[in-house]
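Welcome, and thanks for taking a look at this chain with us. Please keep the viewer open while you read, so that you can follow each stop on the tour.

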Amino acid sequence: MRMLRARPRARRSRYHVSYRLTRSVPAVIAGVLLLVVLVAATLTYKRFDDFIAATTGHHLNPIGEVVQAVEPAQGTIAYKLNHGQRVNVLLLGMGGEQNDAPYLTDSIMAASIDPTTGRVMLMSIPRDLVVHMNLQTASSRVWTNKINAAYEVPYTSIICCVDPQYSGRDGGGKAAEHEVGKLTGLTFDKYIAVDFVAFRDIVNALGGVDVCLSSNLDDYEYPNYNNGYIRGGIHYKAGCQHLNGEQSLQVARSRHAQQPQQSSDFGRARRQQDIMQAIKKKATTVNGFAKAPQLLDALQKNIHTDMSLSDMKAIYDWGKNLPDSSIIRVALTGPSAIGPGNLLDSYDCGMGPNVSQLCPDDDSYNMIHKYVASIFIDPKTLGEKAPVQFANGANNLAGLDARVTSMFDPTGLQLADPVAHKASAQTVILDYSGGQFPLTTKYLQDFFGATVVAATPANPAPAKGQQTFGLVVVLGRDFALRFLGG
C-alpha cells in the first residue's frame, strides 16, 4: 500500500479531457467498418473474397454467411446482439512495417457493446501501462513489460517459449486480448488491429482529403523512415487545406509540435478524428464509391482481425445510427498537468527508474474490474438525475475525491465539484433528499460499500464547499484501502 502525495484539485471542466481522448481509435475502427461495407457493394465476389482472406485468414463462405444472416449461431456476435448479450471487441492501432517497432500497439481500446440499453463503452488503455504478462508455456513464468508489447510477442523473439495458443496469424490479437482481459475483467469476442499506415493509403486512394487545423503545427522531431527525424521538421498552417496520404499521416501522428494545443494527446486525438471524418465524408460520395477497388487495396494491407464478414456486418448494422450520446468514453489515466487521473499512478513498477511508466494503484486489478463492470448505469437510475458529490474523508489517500469524480464523470451521473472532508473511517452516503433518489443511492451503496445516513443541512455539519442537497458520498479510509488494493 502506498501513501499518495496531495495534488492540486482540478476543476470539473478539466476532467472531461481524459475520456475525450478515446475518440481517435473508435473513429478509425468505425471508418474501417464503414469502408468495408461500402466497398463490398461495388466489388465482384472474387475481389471481395481476396480481401476477406487477407484480413481474416479465411475465405468467404457465401452459404454460411447467408445462414448466419438469417439465423446466427449461438455465441456469434450477431446472435449476442440479437439476444441482448454484451459484445466485447479489442481495438488496436499499430505502427506497421514502416515503423521501427511495427507490432507495438500504441493505441489500445476495449469496446463493450450493451445491446439491451443501446450503449457502448469505449475504454482507452495507455500504452505505457506496465503489466505482468503470462504468455509463455509455463504459466508460472511472468514477463513484465508495457501492455503495448503483448501484441508483438508471437511475431518477434522478444521472449522465448510462447504458449502455442498465442502463435499463428491471430496470435498477437489473442495475446493482447489475454492481457487486456486480465486488466479489465472483460472477455473479448474478437479483435481488430489497424496499421497506422491505413491513414496514408486510404487517403491516397481517395485522392486526398480536406482537413482544418485550429492553429499552426510545427514539429521538428517528426520521425522519418530511417530511425531519424525529417530534416527541418514538418509544418502546417492554421486553417483548411488539402492533404495527401503522407501529409495526413504526419498531421495524425505528430507528437512534438511547438504549439501546446497541438502537442497534447487531446490535440493529437482531435486531429485524428478530423481526418477520419474527412475520410468517411469523401468515401461516401459518388467519387468515393468509384474508388472502391483502390480503397480495398489500402484496407487489405492494413487490417488484421479474426472477425468474419457476418461479425463486421452485425456490428455495423447495430451501430450505424448510434447517436454520440450513447457512447460512454472512459480512459484509465494517472495524475497529470491536465487532470487528477483515476486508477493509475506514475512510479517504478517493474521497468526501472528512468522509464516512463504507468502502474495500477490496485495491482490485483480488482478495482479496475469493479469499475468496468459498473460503467453501464441503468437508465432508470440516471433518470432520477440525483445531484451527487464526492467528498474525501480518507486521510490515507489525498485527492481521492477528485480521482473518483474523474472516474464517474463519463457515466451520466449528475456530479458536483469534489471537496475535502473531515476524516472518516467508513464510507457513508449522506442523503439530504429524504429518500428521493432510491436507485442512485442503491447504485452508490453497492459500488462503495457505503452506509446510508439521513442528513439535514445542519446535521452532520457540512464540510467547506459541500452541498447540502441530493447525495454526498463521503469516501472513507475503508474505500481508500480497497482503491489501493488493500
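## A walk through the model

Helix α17 is followed by G449, whose phi is positive, near 65°. This is a predicted model, so please read every value below as computed from it.

Let us stay with α17 for a moment. The helix covers residues 438-448, and T440, T441, Y443, L444, F447 and F448 are its buried residues. Looking down the axis of α17, you will find these buried residues within an arc of 160°, so they line one face of the helix.

**The nonpolar cores**

L444 and F448 turn up again in the largest nonpolar core, which has 68 residues. Together with I125, F390 and F408, they have the most contacts inside this core. Apart from it lies another core, of 41 residues, including I192, A198, V211 and L243.

For the chain as a whole, 55% of the 486 residues count as buried. The chain contains 18 helices and 20 strands. Of the contacts between residues at least 6 apart in sequence, 72% join residues at least 24 apart.

**Two helices that cross**

Next, please turn to α6 (residues 171-184) and α14 (residues 366-373). Two packed helices are described by the angle between their axes and the distance between the axes. For α6 and α14, the angle is about 85° and the axes are 7 Å apart. An angle of 65 to 115 degrees counts as roughly perpendicular, which makes α6 roughly perpendicular to α14. From α6, the residues G181, K182, L183 and T184 take part in the contact, and from α14 the residues I368, H369 and V372. By type, the residues of this contact divide into 3 nonpolar, 3 polar and 1 charged.

**Backbone points to check**

Most residues other than glycine have a negative phi, and most peptide bonds are trans. Against that background, a few places deserve a visit.

Y365 has a positive phi, near 70°, although it is a residue other than glycine. You will find Y365 in the loop between β14 (359-360) and α14. Is Y365 buried or exposed? With a relative accessible area of 11%, Y365 is buried.

K385, too, is a residue other than glycine with a positive phi, near 50°. Its place is the loop between α15 (379-383) and β15 (387-392). K385 has 57% relative accessibility and therefore counts as exposed.

Where is the cis peptide bond? A cis peptide bond joins N459 and P460, with omega at about -5°. P460 belongs to the loop between β19 (451-454) and β20 (471-475).

**Pairs separated in sequence**

| Pair | Apart in sequence | C-alpha to C-alpha |
|---|---|---|
| C240 and C212 | 28 residues | 3.8 Å |
| R255 and E221 | 34 residues | 8.2 Å |
| I113 and L81 | 32 residues | 8.3 Å |

C240 sits in strand β10 (residues 239-243). Its relative accessibility is 62%, so C240 counts as exposed. Leaving aside neighbours within four places in sequence, C240 is in contact with V211 and C212. V211 is also one of the residues of the core of 41 residues.

R255 lies in the loop between α8 (245-253) and α9 (260-263). With 27% relative accessibility, R255 counts as partly exposed.

I113 is part of strand β2 (residues 105-114). At 7% relative accessibility, I113 counts as buried, because buried means under 20%. Which residues are in contact with I113, leaving aside its neighbours within four places in sequence? They are L81, Q85, R86, V87, R119, V120, I315 and W318. L81, the partner of I113 in the table, is therefore in contact with I113 under the cut-off of heavy atoms within 4.5 Å.

Note on methods
Residues are numbered from 1 along each chain as its sequence is written. This is a predicted model: local features need pLDDT of at least 70, side-chain atom pairs count only at pLDDT 80 or more; totals for chains, interfaces and linings use all residues. Side-chain values use heavy atoms; hydrogens and water are left out. A nonpolar core is a set of buried Ala, Val, Leu, Ile, Met, Phe, Trp, Tyr and Cys residues joined through side-chain atoms within 4.5 Å. Buried means under 20% relative accessible area, exposed over 50%, partly exposed in between (1.4 Å probe, protein chains only). Helices (H or I, at least four residues) and strands (E, at least two) are DSSP runs, numbered from the N terminus. The arc is that of the directions from the helix axis to the C-beta atoms. Axes are lines fitted to C-alpha atoms, for helices over the stretch in contact, and angles run from 0 to 180 degrees between N-to-C directions. Angles under 35 degrees count as roughly parallel, over 145 as roughly antiparallel, 65 to 115 as roughly perpendicular and the rest as oblique. Ala, Val, Leu, Ile, Met, Phe, Trp, Tyr, Cys and Pro count as nonpolar, Asp, Glu, Lys and Arg as charged, and the others, Gly among them, as polar.
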